Amino acid sequence: SKSNKKYYSELNYIFMKHSVRFGIIGCSNVARNSFLPALVKSKKAHLEFLGSRSDEKQLSFSKQFHCKNFGIYEKVLENKTVDAVYISLPPSLQEQWIIRAANAGKHIICEKSATTSFQSAKKIINACKKNHVRIMEGFSFLYHPQHSSVMKYLNQNKIGRCSSLNAKFGFNLDKSPTDFRLKKELGGGILNDVACYIIKISTVIFQGIPNSVVCNLVYDKKYDIDIQGSISMSFKNNQVATGIFGYSNSFQSSYEIWGEKGLINTEKSFVSRRNRSKKISLSTNNSRKTYTIQPSDQFQLMIENFCNSLTKTSINQNYEKDLLNQAYVMEHARKSASQMKILKIKNY
């Protein structure tokens, strides 16, 4: 709309003068190990304010990342110099703080899964639109050169028409009593934590939401959460995506795309260490080539993509639609598992 274009023109003028100033809501492990190191390296972003409920974490993070401004979450949102926030909380707690951040006029990157229901996702997007702020759900793997290389090979028709995608993601979870992933009330469980990646890559590769989904989840009686499962999604043109995920497995993080002329295989697809390379294998007919992707910081690339979106009047990437689509498919996966049947997915 004209009002949105005017708003983003004003943003462009503002952010040409300084990097995007971030506040942090939630001093989590992923914030400490991945997001904040990437943020402080970036020339497009700046760490302005650290927010935690814990005094100990406030001090620890401020010393580690040399940030003099810290306090509780409310102080982050009250700070006039903060342009955007990174929210890294358990899934069931994020809606409240995303909406509060939107009402405070802050742009938002939130950790996946952004929320625990499609209804919640709609509330989030409505708040962001009302306040003219952008929101990105933080699937950082999509910004790694490994993924862009996969998309390049697909666009070059290296393996022809794609008929299926198969993914695996799992690991042995250290069952710490403080881990939110073991707490149902916080949105814990493997669907929100791990299977979301498989859903995400499937909708990206097949460019839209599936027509149907069937999901099976296995529950841990002690914690009353889902700890392993499988999912199958049918897309247009008879394309199918399947995935297996679990908390009691040796580490796997990969996806394979099968086309009429060959295969693309990836490794370490959903997680990445900044100093580690990745590989892609391209198999066609009787040949197989393996390509090494040099180490990259996918969190830094994600942050900079988001910062760039704030300085352009023409917004090419619809983060908001992506978040809604993801929540919609996740909702159907939950219902499929609870009802133990295939569910058709209509456009919303």
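Six strands make up an open sheet, ordered S3-S2-S1-S4-S5-S6, with parallel pairing. Strands here are DSSP runs of E, at least two residues, and helices are runs of H or I, at least four, both numbered from the N terminus. Two strands pair if DSSP finds at least two bridges between them. At the edges are S3 (70–71) and S6 (135–138), each pairing on one side only.

This is a predicted model: local features need pLDDT of at least 70, and side-chain atom pairs count only at pLDDT 80 or more, while totals for chains, interfaces and linings use all residues. Residues are numbered from 1 along each chain as its sequence is written, and side-chain values use heavy atoms, with hydrogens and water left out.

Back to the sheet. S1 (residues 20–25) and S2 (residues 45–51) run parallel and are joined by 6 bridges. Arg 21 stands opposite His 46 in S2.

Now the residues. Asp 220 is found in strand S8 (residues 212–220). Is Asp 220 buried or exposed? Asp 220 is buried, because its relative accessible area is 13%, and buried means under 20%, exposed over 50%, partly exposed in between (1.4 Å probe, protein chains only). Asp 220 touches Lys 175, Ile 225 and Ile 227, leaving aside residues up to four places away in sequence; contact means heavy atoms within 4.5 Å.

Asn 157 sits in the loop between helix H7 (145–155) and strand S7 (162–172). Asn 157 is partly exposed, with a relative accessible area of 41%.
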